[in-house]
Amino acid sequence: MLYPQRNKNRHFIDLSGFWEFRFDPDDKGVGENWTKGLNNGCPIAVPASWNDQFADDRDFLGPAWYQLKFTIPWEWDSKKIIIRFGSVNYLSDVWLNGEVVGHHEGGHLPFEYEISDKIESEDNLLVVRVDGRLSDDHVPPRGRPMNNPQTNFDFYPFCGIHRPVLLYAIPKEGLRDITVRTSIKDTTGILDVKIETIGLNDAYVNLALKGFSSEITNTSIIQQNIQKMTLEVKQAKFWNTETPNLYDLTVDIVKKDAIIDSYSLKVGIRTIEVKGDKLLLNRKPVYLTGFGRHEDFPITGRGYVPAIIIKDYSLMKWIGANSFRTSHYPYSEQMMDLADRLGFLVINEIPAVGLTFKKDVIDRQLELCDQFIEELIKRDKNHPSVIMWSLANEPHSSLKSGEFFRKLYDKTKVLDNTRPITVVNMMGVKEKAFEFCDVLCINRYYGWYMQPGNIEEACEILSKEMDKLYEKHRKPIILSEFGTDTIPGWHSQPPEMFSEEYQTEFIKKYIKVCRSKPYVVGEHVWNMCDFKTSQGITRMGSMNYKGVFTRDRRPKMAAHLLRKLWNEKD
Ligand code: BDP
């Protein structure tokens, strides 16, 4: 899937701004033809969650309606025109000029529709119905009534149009997709490039790879809709966390000596593999330091805000993190682009959090997970920063989950056999998926939910459990979550739960355990920042306070400890 781009043959318009909006608590919009236009709407910012934009109705999860009027540039007349939604949580239905355009399920991945035959040159009316209500057969699923909203996961179920809506134009005949895979032979970098085109005769593809004062080209006549080509870079500058070297790959489609379509891509040459108990980046062991995170901020909710992305990367650099997990759903495309550019390693997770494997929903949930991993790989396959696919976070694993994950794992390997796969688990040695997953990710909270207040005992249990897991599976382990709720400014000596001292001590001792095990290849603290969640008796102010930074990105005491630990070179 090619992200819209501007060049001589391609163009896009960002529809971000103020749209018209209306809640539909009686679900009467379709019956009353709101599809043809809303009356009595109010202004709303897009992209952003709707929940915190108004004084009331924060917990209303849908349905709700959005509307925008727009005009397209006249030069687009001969083009294929597509509307693209970066992410809409959770169900969406789209109409253009009163006609049905499409329906999508899933809250965190892009989808798009061709609208060339529905669009007018002036005065277009775009209407979107969004439904974020929770349900057992959604992924992620609804939970028990202990939480309000009733989530089966620990983050607020923000709703709305969360990422930019782009309108873009591309040539009717031209490029449709590019897949780049890189490998390394001594000092040579090899790029295998797959180019998908549509409707082209008598045309050829020009590849040009530029960077570090070199330019390598390759040309091929288009014979079918898929072209496979190779580029070899001698004395290549490889991509890694310290020097995230990126080359510029340009793909031109040339017909009768004219470039009729073109696309440019940043490419990092690197390999990632599991060997024995190690994770190897460019054939050298790599150790992950960093966080599980959330896309979460006051007022904008889960909406895309470029300045927060910059701030978060800056804080991650400051603290010495080299990686993060996109807990518990895929993050924005811009987040992934910057991970490539700034040299972060990403464990990329689909929104499969809190799966229950209940008989009546298991088949639907597998279909959705299949859809999400496919959409995610299509979107993110070319990012050097993506080093692993995570198929789920803390599934309520049962006998049935083994088969579920086996199918999902096999499908993922078919789509991409270049990256390791994990399932993030809370159940220890019983997890069936660990038998076939490449890396074992475990979330552990001894000393918090269990053994409260007792960090020493917690670490003994953690240490024994890790050894047992390793003995059983002989695979690298990442401690993908560990942390404590911590009220900023709350202090105690001796360290007590909820104090900054307790969080600091807990993190320090857990990291010591990780560092004592040669098979542990990463430590991800939960969470980078405090974040909003559903109301419940363990969540004061409906907040999860396990952040090392506050929700507005101020460091707690533990941030300074991590900065020291993660910047020490051994
Ligand atoms: C883990 C979950 C995470 C929660 C965390 C916690 O993976 O989503 O926020 O626990 O309880 O089990 O803070």
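**Notebook: charge patch, cysteines and backbone geometry**

I began with surface charge and found that Glu99, Glu120, Glu122 and Asp123 gather in a patch of negative charge on the surface. I note at the outset that the model is predicted.

I located Asp123 in the loop that runs between strand S9 (111–114) and strand S10 (124–131). I then looked up its accessibility: Asp123 counts as exposed because its relative accessibility is 64%, and the cut-off for exposed is over 50%.

**Cysteines**

How many disulfides does the structure hold? I found 0 disulfides. I checked Cys441 next, and this residue is in no disulfide; the nearest cysteine sulfur belongs to Cys437 and is 8.8 Å away. A disulfide would require the two sulfur atoms to be within 2.5 Å.

Is Cys441 buried or exposed? I recorded a relative accessibility of 0% for Cys441, so this cysteine counts as buried. I also looked up Cys529, which has a relative accessible area of 5% and is therefore buried. The cut-off that applies to both entries is under 20%.

**Cis peptide bonds**

I went on to the peptide bonds. The bond from Gly62 to Pro63 is cis, and its omega is near 0 degrees. I placed Pro63 in the loop between strand S3 (42–46) and strand S4 (64–70).

Where is His328 found? I traced His328 to the loop between strand S24 (323–325) and helix H2 (333–342).

**Positive phi**

I then turned to phi angles. Lys256 is not a glycine, yet I noted a positive phi of about 45 degrees for this residue. Lys256 sits in the loop that joins strand S18 (247–255) and strand S19 (258–267). With a relative accessible area of 78%, Lys256 is exposed.

Asn282 is likewise not a glycine, and I noted a positive phi of about 50 degrees. I located Asn282 in the loop between strand S21 (278–281) and strand S22 (284–285). Is Asn282 buried or exposed? I found a relative accessible area of 13%, so Asn282 is buried.

Key
Residues are numbered from 1 along each chain as its sequence is written. This is a predicted model: local features need pLDDT of at least 70, side-chain atom pairs count only at pLDDT 80 or more; totals for chains, interfaces and linings use all residues. Side-chain values use heavy atoms; hydrogens and water are left out. Patches are made of residues with over 30% relative accessible area and no salt bridge: like charges are joined within 9 Å, nonpolar side chains (Val, Leu, Ile, Met, Phe, Trp, Tyr) within 5 Å. Accessible areas come from the Shrake-Rupley method with a 1.4 Å probe; for residues, only the protein chains shown count as cover. A salt bridge is a side-chain nitrogen of Lys or Arg within 4 Å of a carboxyl oxygen of Asp or Glu. Lys and Arg count as positive and Asp and Glu as negative; His and the chain ends are not counted. The place of a charge is taken as NZ of Lys, CZ of Arg, CG of Asp or CD of Glu. Helices (H or I, at least four residues) and strands (E, at least two) are DSSP runs, numbered from the N terminus. Buried means under 20% relative accessible area, exposed over 50%, partly exposed in between (1.4 Å probe, protein chains only).
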